[in-house]
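Dear colleague,

I am handing over the structure below, and I would be glad if you kept it open while you read the notes that come after it.

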Amino acid sequence: MRRRLVTLIATVLAVATLAAGCSDDETSDSSPTTDAAETSTTLDPMEAARAYAEPGPHPVGVATLSLGKGPEVEVWYPAAEGTTGTVAYDVRDFAPPAIRDILTADIPATFEVDGARDAAAAEDGPFPVVLFSHGFTGIRVQSSFLTAHLASWGMVVVAPDHPSRDLFNVLGGTASGDRADSVDDLLQALDLITTEGTTAGSIFEGLVDPDRVAALGHSAGGGTVLGAALDERVDGYVSMASGGPEDPADFPDRPSFFLAGSTDAVVPAVDRTRPAYDDAPAPSRYWEIADVGHNGFDDFCTFGGGTGIIGIAEASGLGPVLDAQPQLRTLGEDGCVEPASPVDQAFPIIRHGVTSWLRALFGDDPGAVGLDGAVETAYDLDITVATK
């Protein structure tokens, strides 16, 4: 199935490239043959684009590294052919011990992806690097639905914890909120994986292409990737459910892709994300996904029987604590409960958009696949698209 999807994408792109290169009154040796022209009428470009919502051709490996300054770093990467298994995390393990000890309710609190921990790497590298930055009260593995997926499509995804705002330190009252520190985490993570890529005996030896780098962030992580993209090594960035700097002059002059959810009450699309896209330099893209909230871009709504981290806390008897801190309840529930649609409807759209945009940025595809207006009604949830 995976190979058929990849072949379909490659065929559509090849036909589209040939067609774009030849006008009706041109004839050359590179013109499409009759067979190619006939093939183009039988292929649905959006079907090919939707393939990016499905797992890619590579199995996935997962490893945990550490920055010299302390924070742990999760890495998802293309693994050797034949790699099998699953990798899971329990969100309660990222809370301070005193809180973890009372989150005892028998309620879903884990997220699982296909892959294997510390698996042998694929042999057909090197692969581009994607730096992932989590949000406020987030964790490095918070968007595994997407980060593991990108690895299956041939990317090394590197995600450090940000002690300045991660779940452990926010709940423990020790988060500093220092944005510059989170940018430093991300760039140190790039240094780390680049070094690992040239270290004999490392899992990542020969796997990393330091000349193809992008940054991907959620919520507060969107601000972090804007800062990281000022580094000359970063080729472009994806910002999910986030805003932009007050001064448009502070945007990095890099290609960008902004994604938002129409029901996000934490970072409203109309007030924050769309204006950020409007202010960002071209080239840039914008997707607003209907009925998606703030946590539609992370794994958290899959916990607590669909009610997120808040559901875990309430089932463990912490409702009064949440009532005393309504901002935590709002942040934890947004996107998990009505008016948001179930996140399993949003996840394929996000995987499709981010995977396609990054592959085009990295030159793995000759052009972006399925990011234009045709995608607006291609899924169960409608998408508003803008491009400049």
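Predicted model: local features only at pLDDT ≥ 70, side-chain atom pairs only at ≥ 80, totals over all residues.

A search of the whole structure finds 1 disulfide, which is formed by C301 and C336, with their sulfur atoms 2.0 Å apart. C301 sits in the loop between β11 (284-289) and α10 (308-315), while C336 sits in the loop between α12 (326-333) and α13 (343-362), so the pair ties together parts that are 35 residues apart in sequence. The link of C301 and C336 is left-handed, with -80° about the S-S bond, and both cysteines are buried.

The second topic is strand β9, which covers residues 236-240 and is mostly covered, since 5 of its 5 residues are buried. In a regular strand the side chains alternate between the two faces of the sheet. In β9, G236, V238 and M240 point one way, whereas Y237 and S239 point the other way, and all of them are buried.

Which strands pair with β9? Strand β8 (residues 208-218) pairs with β9 in the parallel sense over 5 bridges, and β10 (residues 256-261) also pairs with β9 in the parallel sense, over 4 bridges. Y237 of β9 has a bridge partner in A215 and another in S256 of β10. Finally, β8, helix α8 (residues 220-228) and β9 make a right-handed β-α-β unit.

With best wishes

How values were computed:
Residues numbered from 1 in each chain as written. Heavy atoms only, no water. Disulfide = S-S within 2.5 Å. Helix = DSSP H or I, 4+ residues; strand = E, 2+ residues; numbered from the N terminus. Buried < 20%, exposed > 50% of the residue type's maximum accessible area, 1.4 Å probe, protein only. Pairing = 2+ DSSP bridges. Right-handed = clockwise from strand over helix to strand, strands pointing away.
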